[in-house]
Amino acid sequence: MSNRIKYILLLALALSVGSLVNAQETPNENWEAQKIKGVRYLLDAVYNGFPFLNDSWLPGRIEFADGEIADSIYMRYSSYKDELIYFNKSISAQIMIDKASLNGFWVADKDKKMHVFRKQYFDGFIKGDRYFEVLTDGETKLLAYRKVNLTATTPYHDINGILKNMEYTTDHQFYFYSPEKGYTPVRLNRSALLAKFVKTDQKAIKKLLRKNRMQILDEDSFIDAWKTTEKDGFKVVF
Amino acid sequence: MAANAQKNSGFGLFTDRDIYVSGETLLAKIYIPEANSSRIIYLDLVNRFGTRISGVPLEIKNSQADGFLLLPDSLSTGNYLLRTYQKHNAAKHKVIREIWISNRFDEPGKAIQMNRVENQNKIQEKETDQISIEGIEPQYQINQPFGGNIRINPALLNEINGELLVSVAQTDHSFAAEAFLLQSDSGNEGMPEKRGIILSGIVTDKKTNEAAANITVYLTIPDSVPGFQYYKTKNDGRFYFLLDKYYGSVEAVIQCFGNTPDQRMKITLDDLFAAAGELPKFRQEAIQETFRNNIARNIDAVTFQKVFTQKQIISVAPVLTNQKTYPYYGKATETIDPQLFIDLPDFTEISRELLPGVKFRNYNNEPSLQVLNSQARNFFEETPLLLIDGIPIRDLNVIKEMGTKDIDRVDICKSDRFYGDLRFPGVVAIYTTKSDYSMLPESDQLIRLTLETIQEPATLAETNIPEPNIPDLRQVVYWNPKLKPAENLPIKCSTSSVIGHYKIIVRGKLKDGTLIFSEKQFEVK
């Protein structure tokens, strides 16, 4: 009998504690955060090549147009569409984020190296907002437009045996950018870098690169060469 | 000992004057303790029974806030309390300040007694001789420009925390108001308003009267670019919205829909302002003759000010860095202005003739709405998001009678849109010509309210008398709540046409929380 009373009392206590816990919960996670706006991402047609910068969903963060930052978002950058796509876990949807709602984003690659992309208006051909990867920041920025194009190619059979004549080809473009002077395109080689400076500076830059044993072979070495040149105070001619 | 404990509480509530006339504007400055996580502080006017008459939320910057309150014309003559608090701990900490308000249509001689607050927790202020007010004459003529210099001892300058309040206003020796700290151990702490005003409430099921879980509650701030937020309730049925980018009065609509067609809900909002709580005790004092004479003069001054529509303050538009460029439902694929076309009697005709990709049909009095999915090149099977003046509507009967004359514009989004975790299979946003939300069905699931959001900053209006025979009736001739401390602070203003005793006061707060002041009086004859 006494055991039964104990059991009833224990049950009543547990219920009252339960109701207290249910009384007021903590608000939903990130309830104050700005919401991401976008449209459903429809898969791109499968061709040879790859329409994305990264081959998997990678964690990153986005900066909204008002400067607010949202973190830990799984996303991938569509180089073909120049759009950022994120995966909304709670509704299992791939969403293409409205470019107008963002200032830029940061995305880590598989080596956990963070890439910074800023949305900027491009006044060349084709005019409009583009996501540029900021390779070097400063008075004059070195930017990369990681574009992938769909181009015609010789007919081939894809993995499903379907005959196709299009493929995704990378067409990365690089620019020096200054907010006052705008964009000037640059190719990733030594002579293209030298051509961006006045003639009187070119000799000194050649000497500087030689002194630092710098050879421009790829993107990384070009960035290093530009950083060294910029550090010595040489100014790009726009 | 008790006074010492209060001395460094860090709270301070100051007004431009102690005596007002209904219809006037009260200017206030609040000092808040340094360790404060809230962005919002409330300033309310309550009567001595604790009933709130009006109030505003103010933005805290550098542990200080300033703002104004319009004193309604309908107030009866007597003592009132200004109270300031932060919503999350309003039950525990409040600061009150007593003021006197005379009704401008009352006879000045009518009041014979006043009620003064009787409380031990008076907020202490320390008069300092390290701030000297120089160059002020004991007497001035009416409408005479004058100037002075505030000299601050360099040793004190390093101790001052934040900005100074400098005011030059009429004063009355027979009524010197004081501020008190009301503290209580009872009451729970809520969520601090770190980023902005928090609007919260609870959704209950009307059948069971229990908290409703998994209900999406929507907040819409109707506008040309409507503001929108949503919150999915948990087991406690509670919802929260953040109002951090709004200033002044805004219209808001809070609504929810049942998860099943027959589920009916009720939305109950939490109090927007603090409850009266414990009230201070009052003692009665006889009104002096000089006080009564001053009231009579003030009533005349305010009445003439109203006649000549002389402004007391000028609102300054707040700096908005984050203007919304497009609505939450996305950039419209198409925007149609039906008024540019021939008159059409109902929405079925409008959709047929004017809205490409929108299919609105009303077969057997059962309306249906579909939008084209331009990406997939077919119509969505689901009903799209339907908005009237930015407010989500589910009852299609609301729009079926709308003709071209009722509609200002229609935004159409022909894609599968997402906003956070919400999905909109196409959007039809109708903006009405009246914009009065009269189309909205009234129910327990929909609350329309006018919200007082963060007060727009304001400055004291400068003298602007277009004709020499119109009197300048300002009783506050200088008010600067944001004066940056410096060794020498020159001030310039001019007396008004209102004669009487005036006081120039410099107030500030030290880093240890001590409130300091220095004052000088002069007379206008």
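Predicted model: local features only at pLDDT ≥ 70, side-chain atom pairs only at ≥ 80, totals over all residues.

**From sheets to interface**

In chain B, strand 3 (residues 25-31) and strand 6 run antiparallel and are joined by seven bridges. Within the pairing, K29(B) has D66(B) of strand 6 as the residue opposite.

These two strands belong to an open sheet of three strands in chain B, with the order 1-3-6 and antiparallel pairing. Strand 1 (12-15) and strand 6 (64-70) of chain B each have a single partner strand and stand at the edges, so one side of each is left without a neighbour in the sheet. Direction ignored, neighbouring strands of this sheet are turned by 20 degrees against each other on average.

A further open sheet of chain B also has three strands, here in the order 19-16-21, and its pairing is antiparallel. Its edge strands are strand 19 (238-243) and strand 21 (265-269), each of which pairs on one side only. From one strand to the next, the twist averages 25 degrees. Strand 16 (residues 197-205) of chain B is joined to strand 21 of chain B by five bridges, and the two run antiparallel. Here G201(B) is placed opposite L269(B), a residue of strand 21.

The domain assignment divides chain B into domain 1 (2-184 + 277-318 + 459-524) and domain 2 (334-436). Between the C-alpha centres of domain 1 and domain 2 of chain B there are 53 Å.

What, then, lies between domain 1 and domain 2 of chain B? The largest nonpolar core comprises 152 residues, and the members that touch the most other members are A28(B), I30(B), V217(B) and V428(B). Both domain 1 (2-184 + 277-318 + 459-524) and domain 2 (334-436) of chain B give residues to this core, so the core lies between them. For V217(B), the residues touched, not counting those up to four places away in sequence, are V203(B), Y230(B), Y231(B), T233(B), F239(B), I254(B), C256(B) and I267(B).

R146(A) is found between strand 9 (141-145) and strand 10 (148-157) of chain A. Why does R146(A) count as buried? A residue is buried if 20 or more other C-beta atoms lie within 10 Å of its own, and R146(A) has 20 such atoms within 10 Å. Leaving aside neighbours within four places in sequence, R146(A) is in contact with L53(A), S79(A), E133(A) and H172(A). W57(A) is 89 residues away from R146(A) along the chain, and the C-alpha atoms of the two are separated by 17 Å.

Chain B contributes 25 residues to the contact and chain A contributes 23 residues. On the side of chain B that touches chain A, the elements giving two or more residues are strand 18 (227-232), strand 19 and strand 30 (407-419) of chain B. Strand 30 of chain B gives the most to that side, with five residues. By residue type, the side of chain B that touches chain A divides into seven nonpolar, eight polar and 10 charged residues.

Strand pairing also links the two chains: three bridges join strand 1 (residues 37-40) of chain A to strand 30 of chain B, and these strands run antiparallel. G38(A) has F418(B), in strand 30 of chain B, as its bridge partner.

Conventions:
Residues numbered from 1 in each chain as written. Chains lettered and ligands numbered in written order. Pairing = 2+ DSSP bridges. Helix = DSSP H or I, 4+ residues; strand = E, 2+ residues; numbered from the N terminus. Axes fitted to C-alpha atoms, helices over the stretch in contact; angles between N-to-C directions. Domains from an automatic or database assignment. Buried ≥ 20, exposed ≤ 12 C-beta atoms within 10 Å, placed from the backbone. Contact = placed C-beta atoms within 7 Å. Core = buried A, V, L, I, M, F, W, Y, C linked by C-beta atoms within 7 Å. Nonpolar A, V, L, I, M, F, W, Y, C, P; charged D, E, K, R; others polar.
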